[in-house]
Amino acid sequence: MNNPLTRARTFDRGVRLLMVNQFTINLGFYMLMPYLAQHLSGTLGLAAWAVGLVLGVRNLSQQGMFFFGGTLADRLGYKPMIIAGLVLRIAAFAVLGLVDSLPALLAASAAVGLAGALFNPASRAYLAHDAGERRVEAFALFNVYYQAGILFGPLVGVALTGVSFRLTCLVAAGVFAVLSVVQVVALPARTARRDGGQPAAGVLSQWRTVLANRPFLLFSAAMIGSYALSFQVYLALPLEVRRVAGDEQVGTVGVGLLFAASGLATIAGQTRLTAWCGKHLGPGRSIVAGLACLGVAFLPPAAAAAVAVPAGGPARWALAVLPPLLSALLLALGTMLAYPFEMDTVVALAGDRYVATHYGLYNTICGIGIAVGNLLTGAALDTARAAGAPALPWIVLGAVGGGCALAVLRLHRTGRLTPAAVRARPVTA
């Protein structure tokens, strides 16, 4: 029974609905966001710096506000934050399609990010709450639905954007409107667990509890690099495909293959792989194996960098597409190995206390890793190529994966990734 749809039906209604939510959220988001830059620079004629500012504000708003979104979810309940985030996305997507002034576009972009910061920690904490002892399996299925949304969203978006970007925005807003109504009607209310039924502590006390959780902070620090590596399927690999291809059409097709292969691999293999890992490796070693795989993923482009680029024809197409494609598949495999156990480890380290706040801080910390990693990787690719050492950035990325794997392995061997480590630490109230 490895069919994701069949396995999802074995969970309670709340978990099933959260999985459908994640697919629909990504469907609506990715039918719009991949084409936003072209709309801003082409249709609206904004300068490159303004386009970068609009896109950067969305990412900064989401990553910076995750901690606050998780805090609100633990205090006010998971369902209200999920609904609030969805409703905010309705307005934000509609505004993106209807306005042309930079201040309004910046406000809408910030609202898109804030919406994600509201519903993401709440959704994951809700899933962990309702899945109970089946958390790992639930997060594996969650990743399948997540990737399916990423896979199908751009396909719907390219058809709609062919008519007009405004239509794409309004349809995406409509998707979130329908989803919001479904949440109000069908999603059961859930509130964070409280110790001994005591009233909730103040916000500062809540934050002190999370920030005093040393095993959690060590785990978060060890995982930062993995998020920078995973994100290279959106940055370094597409840049490499287009650079080697030397043809925009071939490059576009090649980049599409990267995303399609990554999504299809996850949909086809996530649940089977997670079941095998749970049986043969266990949580800690599965995460370590996943991180090691993320590091190995950058060996194909490193090897390809030593090959002279053919003048043209099938050989050039193969060199442009095949090494990044293998890299994308290995990145997908590494994520499949680690993600369900990684999400479960956050819950375990939280000790079932302020789970959404822990998820929020975890996302913020890893978001910093993505931002810094992208900045350094982009600069390193250009600098290394100019210096005649094009393989060096890929080797460094591989070493980052190895370093993350060793750090998590150390935490695993010293018992810092187990619930017992959490129970042993004093609780700040």
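Two residues are said to be in contact when heavy atoms of theirs lie within 4.5 Å. In this predicted model, Ser-61 meets that condition with Ala-110, Gly-113 and Leu-114, leaving aside residues up to four places away in sequence. Ser-61 belongs to helix 4. With a relative accessible area of 12%, Ser-61 is buried, since the cut-off for that class is under 20%.

Helix 4 also takes part in a helix pair. Two packed helices are described by the angle between their axes and the distance between the axes. For helix 4 (residues 48-76) and helix 5 (residues 78-98), the axes come within 7 Å and cross at roughly 140°. Helix 4 is therefore oblique to helix 5. On the side of helix 4, the contact is formed by Gln-62, Gly-69, Leu-72, Ala-73, Asp-74 and Leu-76, and on the side of helix 5 by Tyr-78, Pro-80, Met-81 and Arg-89. Six of the residues in this contact are nonpolar, two are polar and two are charged.

A second pair consists of helix 10 (residues 214-230) and helix 16 (residues 355-386), whose axes are 8 Å apart and pack at an angle of about 40°. This angle makes helix 10 oblique to helix 16. The crossing of helix 10 past helix 16 is right-handed. Helix 10 contributes Phe-216, Leu-217, Phe-219, Ser-220, Met-223, Ile-224, Tyr-227 and Ala-228, which meet His-358, Leu-361, Tyr-362, Ile-365, Cys-366, Gly-369, Ile-370 and Gly-373 of helix 16. By class, this contact holds 12 nonpolar and four polar residues, with no charged residues.

The loop between helix 15 (313-350) and helix 16 contains Tyr-354. Tyr-354 is not a glycine, yet its phi is positive, at about 55°. The relative accessibility of Tyr-354 is 10%, so this residue counts as buried.

Helix 11 (residues 236-245) is largely enclosed by the rest of the structure, because seven of its 10 residues are buried. The buried residues of helix 11 are Ala-236, Leu-237, Pro-238, Glu-240, Val-241, Val-244 and Ala-245.

Aromatic rings were examined next. Over the whole structure, 15 aromatic pairs are found. In one of them, the ring centres of Phe-29 and Tyr-30 are 5.0 Å apart and the ring planes stand at 75°, so the pair is edge-to-face. Phe-29 and Tyr-30 are both buried. In the pair of Phe-298 and Trp-394, the centres are 6.3 Å apart and the planes lie at 20°, so this pair is stacked. The class follows because planes under 30 degrees apart count as stacked, whereas those over 60 count as edge-to-face.

Phe-298 lies in the loop between helix 13 (283-296) and helix 14 (299-304), and Trp-394 lies in helix 17 (residues 392-413), so their pairing ties together parts that are 96 residues apart in sequence. Phe-298 is buried, with a relative accessible area of 0%. Trp-394 is buried as well, with a value of 1%. Ring pairs also join Phe-139, Phe-142, Tyr-339 and Tyr-359 into a cluster.

Conventions:
Residues numbered from 1 in each chain as written. Predicted model: local features only at pLDDT ≥ 70, side-chain atom pairs only at ≥ 80, totals over all residues. Heavy atoms only, no water. Axes fitted to C-alpha atoms, helices over the stretch in contact; angles between N-to-C directions. Helix = DSSP H or I, 4+ residues; strand = E, 2+ residues; numbered from the N terminus. Parallel < 35°, antiparallel > 145°, perpendicular 65-115°, else oblique. Nonpolar A, V, L, I, M, F, W, Y, C, P; charged D, E, K, R; others polar. Buried < 20%, exposed > 50% of the residue type's maximum accessible area, 1.4 Å probe, protein only. Left-handed = near helix turned anticlockwise from the far one by under 90°. Phe/Tyr/Trp six-rings, centres within 6.5 Å; stacked < 30°, edge-to-face > 60°.
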